[in-house]
Amino acid sequence: MKTGFTAVASVIGVGVAGLAYGVIEAHRFVVRHVEVPVLKPGSSPLRILHMSDLHLLARQETKRRFIRQLDALNPDLVINTGDNFCSADSLQPLLDDMSGLLQRPGTFVFGSNDYLVPKFKNPFSYLLWGRSQQATEPVPELPHEELRQAFTSAGWLDLNDKSETLEVAGHRLTLRGTDDAHHDRDHYEEVAGPPDGEADLNIGVTHAPYLKILDAMVSDGMDIVFAGHTHGGQVCLPFTGAIITNCDLDTERAKGLSQHGRGGHTGWLHVSAGLGCSPFAPYRTFCRPEATLLTLVPRP
């Protein structure tokens, strides 16, 4: 009996320790630095800050301090791939914390947690289905149009099922994006087509890196695609990494830089592990919350 009690206590102790570690890791914010050889030979470097999945609550002071410090990285362009906030009263703190970045050139798409208040979901459903399921009951909306207005008023380009051209640091960039594919808001057909031959770089932007979006963008000749949504797996294992991606992307590419081939074309893919997580699952393991500064350099 004593042995059985000791075994149960040990299991409980390991579980509590793991949860405590996960909560601590969720506050260990880091800036990743990545170099991508994607520009035309002879081009000057281009610095892009990729931020995603902030899931901000006004009370999250450590995260808010980290966001405020990102402007000091001096990026040429900010790409925001959605899921910015979790509650209506977090909108103004979000805009306050991003005020420096909003003075820089930027683009954005939305994720589900820009549109809808997060709800509790059974964590085992992620393991069963490989992705979270849409709510069957009505979910309150977040003030997403106010967020959109704030971003566009600052000069950021709205790429939700839209395409735009932007001159940044001496580079002509053509960007196309989709609305949130995780909740079937995406309409890639609105922006589909061949790349801009006059552009120095053709960029795709989406929140959730579903293969249908990646395949379409790369087939159409996008040089690089930016996405978020996966949280890098969020609960990862040592050595093996992510267990799930919350979409149909393979776990080996749950975060970071990789390549994607389709239709005779190959493009770069950068998936951000994001800066936050659902308030109902405020933990990470072996997957620190991150923003990434990508330095784009000429191809060899």
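These questions and answers set features of a predicted model against their definitions.

Q: How do you know which parts of the predicted model to trust?
A: By pLDDT, the predictor's confidence in each residue, from 0 to 100. The protein's mean is 91, and 88% of its residues reach 70 or more. Over residues 1–17 the pLDDT is below 50. Beyond near neighbours in sequence, that stretch has zero contacts (heavy atoms within 4.5 Å) in the model.

Q: What makes a pair such as arginine 28 and glutamate 25 a salt bridge?
A: A salt bridge needs a side-chain nitrogen of Lys or Arg within 4 Å of a carboxyl oxygen of Asp or Glu. The N to O distance here is 3.1 Å, so the pair qualifies. The structure holds 14 salt bridges.

Q: Why is arginine 28 called partly exposed?
A: Buried means under 20% relative accessible area, exposed over 50%, and partly exposed in between (1.4 Å probe, protein chains only). Arginine 28 has 36% relative accessibility, so it counts as partly exposed.

Q: Is glutamate 25 buried or exposed, and what value decides it?
A: Glutamate 25 is buried, because its relative accessible area is 2%.

Q: What does the salt bridge between arginine 176 and aspartate 220 tie together?
A: The closest N and O atoms of arginine 176 and aspartate 220 are 3.3 Å apart. Arginine 176 lies in strand 7 and aspartate 220 in the loop between helix 7 and strand 9, so the pair joins parts 44 residues apart in sequence. Helices (H or I, at least four residues) and strands (E, at least two) are DSSP runs, numbered from the N terminus. Both residues of this pair are buried.

Q: Where do lysine 212 and aspartate 186 lie?
A: Lysine 212 is in helix 7, and aspartate 186 is in the loop between strand 7 and strand 8, so their pair ties together parts 26 residues apart in sequence. Their closest N and O atoms are 3.2 Å apart. Lysine 212 is partly exposed at 47%. Aspartate 186 counts as buried at 13%.

Q: Which residues of helix 7 are buried, and what covers them?
A: In helix 7 (residues 211–219), Ile213, Leu214, Asp215, Ala216, Met217 and Val218 are buried. Their cover includes strand 7 (171–177) and strand 8 (201–205). Just after helix 7, glycine 221 takes a positive phi of about 95 degrees.

Q: Which residues are linked in a network of salt bridges?
A: Glu61, Arg64, Arg68 and Asp97.

Residues are numbered from 1 along each chain as its sequence is written, and side-chain values use heavy atoms, leaving out hydrogens and water. Local features need pLDDT of at least 70, side-chain atom pairs count only at pLDDT 80 or more, and totals for chains, interfaces and linings use all residues.
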